[in-house]
Amino acid sequence: MTLIDQIMPNYDRREVHSRATAAPPTALWEGIHELRAGELRAMRALMRLRTLGRGSGDGDATVLEGFRRMGFRKIAEDPGRELVIAGI
């Protein structure tokens, strides 16, 4: 059972994304913690729309830090395997 299923076993809607990759799990885990917002132009534009332009964000901040600044919180983590972040 996944962490999100343990935290929220019942829900109204579900959205699942996946992508096959040859990269080792450790490289992917490091990547999600090191990815900078400035590296994702489309995401920055969508976040500006979401926040109605309040604050331009920090392109040097990691994506996870940007989510934290917007009020999202880490709910659960199985290091190297699973990370659950939610807006509460």
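Biologist: Among contacts in the protein between residues at least 6 apart in sequence, what share joins residues at least 24 apart?

Modeller: Contact here means heavy atoms within 4.5 Å. By that rule the share is 47%. Keep in mind that this is a predicted model, where local features need pLDDT of at least 70, side-chain atom pairs count only at pLDDT 80 or more, and totals for chains, interfaces and linings use all residues. Residues are numbered from 1 along each chain as its sequence is written, and side-chain values use heavy atoms, with hydrogens and water left out.

Biologist: How many bridges join β1 to β2?

Modeller: Two strands pair if DSSP finds at least two bridges between them. In this model, β1 (residues 72-78) and β2 run antiparallel and are joined by six bridges. A76 sits opposite V84 in β2. Three residues lie between the strands of this hairpin, and G80 there takes a positive phi near 85°.

Biologist: Let's look at E82. Where does it lie?

Modeller: E82 belongs to strand β2, residues 82-87. As a general idea, side chains in a regular strand alternate between the two faces of the sheet.

Biologist: And which side chain of opposite charge is nearest to E82?

Modeller: First, the rules. Buried means under 20% relative accessible area, exposed over 50%, and partly exposed in between, with a 1.4 Å probe and protein chains only. Lys and Arg count as positive, Asp and Glu as negative, while His and the chain ends are not counted. A salt bridge needs a side-chain nitrogen of Lys or Arg within 4 Å of a carboxyl oxygen of Asp or Glu. E82 is buried yet has no salt bridge; R81 is the nearest, 4.5 Å away.

Biologist: What does E82 have around it, then?

Modeller: The backbone nitrogen of L3 lies 2.7 Å from a polar atom of the E82 side chain. Leaving aside neighbours within four places in sequence, E82 is in contact with T2, L3, I4, W29, A76 and E77.

Biologist: Why does M47 count as partly exposed?

Modeller: Because its relative accessibility is 23%. M47 lies in helix α3, residues 41-50, and touches F67 and M70, not counting residues up to four places away in sequence.

Terms used. Helix = DSSP H or I, 4+ residues; strand = E, 2+ residues; numbered from the N terminus. Polar contact = N/O pair within 3.5 Å; in protein donor to acceptor, adjacent residues only side chain to side chain.
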